[in-house]
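Colleague: I would like to learn how to read the features of this model one at a time. Please give the general idea before each case.

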Amino acid sequence: MTTHSETELTQDELARYRRQLILPEIGPEGQQRIKKAKVLVIGAGGIGSPLLLYLAAAGIGHISIYDHDVLDLTNMNRQIIHDSGNVGVPKVQSAEQTLKRLNPGLHYELHAERLTRETALSIVPEYDIVVNAVDNLDTRYMLNDVCVELRKPLVEGSIFHFEGQVMLISPDEDSACYRCVYPEPQEPPKKQEFGVIGVTPGIVGTLQAAEVLKYVAGTGRSLKNRMIYFDLLSASFREIELKPDPDCPVCSKLKQQSVLL
């Protein structure tokens, strides 16, 4: 259990986070909640890069990173947390180097492995909020199902070419989950590489970081039952209203169980 003394802000933290502390929506209490928060981030690539940087800069006390991949030169146009000298190094290690230089006073937990359903079921309960920052459909649906089952908030984000979208799947019973919006994975006929400029995942990761910080600080209006969609080519942003699907194969069953209980 986290004690009050462990969440009290040090003089260094008061100075480091001064510009956050003077925000009435954050203040010392919000910063203390940020400090004691435990966040699980899946992916240290194009979306995960700005996400991790902003979470660390804001002072999230415990950041756990899952990514099984190693850094490749083709990643460098968008994965801004990494250094070109780390090509060939596991991404979690490369990311940690940058994060420790940015904010050395935090706890970083690294997992250079792919997150499986079995592992997710055992570790997700340890965290306050989960963030999906990978482009793997199997992982996206698995995380949704696990977080709904365990009633943990999940910040979902994805990109395609110049387009991106972000939503929050809340543990509340009136929240839409990912399967309410996209019931089944729509895999392309064959696995193929698609183009992307770094700004697209950068915006998604930044929006996800904002959702995490609002959630753990207990402020603002979340993206529960809302999706932010943007298209950079047309410079347009849209808010899309989402509704829980009463026939959703995942969240509707849990809601029915809650009624019976």
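Modeller: Start with contact, which means heavy atoms within 4.5 Å. Helices (H or I, at least four residues) and strands (E, at least two) are DSSP runs, numbered from the N terminus. The model is predicted, and local features need pLDDT of at least 70, side-chain atom pairs count only at pLDDT 80 or more, and totals for chains, interfaces and linings use all residues. Residues are numbered from 1 along each chain as its sequence is written, and side-chain values use heavy atoms, with hydrogens and water left out.

Colleague: At what angle do α5 and α10 pack?

Modeller: Axes are lines fitted to C-alpha atoms, for helices over the stretch in contact, and angles run from 0 to 180 degrees between N-to-C directions. Helix α5 (residues 48-58) and helix α10 (residues 199-217) pack at about 35°, and their axes are 7 Å apart. The α5 and α10 crossing is right-handed, a term used if the near helix is turned clockwise from the far one by less than a right angle, with left-handed for anticlockwise.

Colleague: How many residues of α5 are buried?

Modeller: Buried means under 20% relative accessible area, exposed over 50%, and partly exposed in between (1.4 Å probe, protein chains only). In α5 eight of the 11 residues are buried, so the helix is largely enclosed by the rest of the structure. Among them are G48, S49 and P50, together with L51 and L52. After α5 comes G59, with a positive phi near 100°.

Colleague: What is the order of the strands in the sheet?

Modeller: Strands of a sheet pair through backbone hydrogen bonds, either parallel or antiparallel. Two strands count as paired if DSSP finds at least two bridges between them. Here eight strands make an open sheet with mixed pairing, in the order β3-β2-β1-β4-β5-β6-β7-β8. The edges are β3 (107-111) and β8, each with a single partner strand, so one side of each is left without a neighbour in the sheet. On average, neighbouring strands of this sheet are turned by 15° against each other, direction ignored.

Colleague: Where in β6 is the bridge partner of G157?

Modeller: G157 is bridged to V166 in β6. Strand β5 (residues 154-160) pairs with β6 in the antiparallel sense over seven bridges. On β6's side towards β7 (residues 226-231), five bridges join the two strands, which also run antiparallel, and there M167 is partnered by M227. Strand β6 (residues 163-169) has six of its seven residues buried. Further along, β7 and β8 run antiparallel with six bridges; R226 is partnered by E241 in β8, and Y229 by R238.

Colleague: Which residues have a positive phi although they are not glycine?

Modeller: Most residues other than glycine have a negative phi, and most peptide bonds are trans. R151 has a positive phi of about 55°, and this residue sits in the loop between α8 (137-150) and β5. R151 is partly exposed, at 35% relative accessible area. A235 has a positive phi of about 50° and is exposed, at 66%. A235 is in the turn of the β7 and β8 hairpin, which has four residues between its strands. Likewise, H161 has a positive phi of about 55° in the turn of the β5 and β6 hairpin, where two residues lie between the strands.

Colleague: Is H82 buried or exposed?

Modeller: H82 is buried, with a relative accessible area of 8%, and lies in the loop between β2 (62-66) and α6 (91-102). Leaving aside neighbours within four places in sequence, H82 is in contact with A44, S49, L71, M76, K91, S94 and A95. A polar atom of the H82 side chain lies 2.8 Å from the backbone oxygen of A44.

Note on methods: A polar contact is a pair of N or O atoms within 3.5 Å; within protein, one must be able to donate a hydrogen and the other to accept it, and residues adjacent in sequence count only if both atoms are side-chain atoms.
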